[in-house]
Amino acid sequence: MKLHIETPLIESRAMSVITGRSVWIKLDALQPPGSFKIRGIGHACETYLAQGARRFVSSSGGNAGLAVAYAGRRLGVPVTVVVPETTTERAKELLQLENAEVIVHGISWQEANAFAQSLVGASDAFLHPFDDPLLWQGHATLVDEVFRSGLKPDAVVLSVGGGGLLSGVVEGLHRNGWSDIPVFAVETAGAASFHAAVRAGHTVELERITSIATSLGAKRVCEKAFQWSKNHRIHSVVVSDQSALSACERFLADHRILVEPACGASLAVAYENASELESFSNILVVVCGGATSTIDQIREWKSSKHAP
Ligand SMILES: *Cc1c(COP(=O)(O)O)cnc(C)c1O
């Protein structure tokens, strides 16, 4: 069984006109649970089920938790998601809609995660949101689909949180013989843990996350993402929250799809015709999606001068 769908790959006329180049968008916002995460998490859940797991445990109130809940329902495996008190009602509702058991524990993700880990018994599988080779293998299917379509981009733009998507896409480029295609790894200021790692020459822990793009809010990127930065052309790009929010609104107007600011960060690179794109003519933007934002929330953040 395959839990993710093959998503459309279309040219964004609006972005192509703005940049004066061909901009292709891979619409992973259309995955059933709302983001690309089901590619890797679906693959990991199926693997753990085959190995005998009887319950899936997650500590993500975001798109990773939603993907685990979706995979569990589809595979007939119970799912427990432990989230901190700060988790929005909307996120809890979305998890419950997928029949997941939601446990609220602790004031921060660290506490929720520690409690989730303590629940993991011998017959349970814990699903990490970004640091698992099975996840990267699954995320790499996004590139397999582009390869099969016959389009060869000369640059890929994607968002980076903990670096799972980045690790998976680069793995996909390599397994399709496309190791020459550079990647633009986009983060928002206030969540730029990949940028910090590249600058320091090793992964570093950010003191805190100050961006509204919570899905990019990993304080430290996985080691694999950093390693790829030494074995593949990866350019780190940092955009503002406001740029990411504006891109969400423009994308909704242009393509009628609502995405999170975490995804808007990548879209902003095209919408603002970033100088980084200068030497490329066929650009692939990964529309990673995200189900946890509403348009009201995006507009509220956008109009607030003191965001977050
Ligand atoms: C998880 C997520 C990201 C970041 O992915 P990582 O694998 O953590 O780097 C970006 N956008 C959305 C919508 C996400 O859910």
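Which strands and helix make a right-handed β-α-β unit? In this predicted model, the unit consists of β7, helix α8 (residues 164-175) and β8, with right-handed denoting a clockwise path from the first strand over the helix to the second when the strands point away from the viewer. Helices (H or I, at least four residues) and strands (E, at least two) are DSSP runs, numbered from the N terminus. Local features were required to have pLDDT of at least 70 and side-chain atom pairs pLDDT 80 or more, whereas totals for chains, interfaces and linings use all residues. Residues are numbered from 1 along each chain as its sequence is written, and side-chain values use heavy atoms, with hydrogens and water left out.

The open sheet contains six strands in the order β1-β2-β10-β7-β8-β9, with mixed pairing; two strands are taken to pair if DSSP finds at least two bridges between them. Its edges are formed by β1 (9-11) and β9 (234-239), each of which pairs on one side only. From one strand to the next, the twist averages 25°.

Strand β8 runs parallel to β7 (residues 155-159), to which it is joined by four bridges, and parallel to β9, through six bridges. Val183 of β8 stands opposite Val156 and also opposite Ile234 in β9. Six of the six residues of β8 are buried, so the strand is largely enclosed by the rest of the structure; buried means under 20% relative accessible area (1.4 Å probe, protein chains only). Val183, Ala185 and Glu187 point one way from β8, and Phe184, Val186 and Thr188 point the other way.

Two aromatic pairs were found in the whole structure, pairing being defined for rings of Phe, Tyr and Trp (its six-membered ring) with centres within 6.5 Å. In one of them, the ring centres of Phe184 and Phe280 are 5.6 Å apart and the planes lie at 80°, so the pair is edge-to-face (planes over 60 degrees apart). Phe184 belongs to β8 (residues 183-188) and Phe280 to the loop between α12 (261-271) and β10, 96 residues apart. Phe184 is buried at 2% relative accessible area, as is Phe280 at 10%.

His255 is buried, with a relative accessible area of 11%.

Notes. Buried < 20%, exposed > 50% of the residue type's maximum accessible area, 1.4 Å probe, protein only. Axes fitted to C-alpha atoms, helices over the stretch in contact; angles between N-to-C directions. Phe/Tyr/Trp six-rings, centres within 6.5 Å; stacked < 30°, edge-to-face > 60°.
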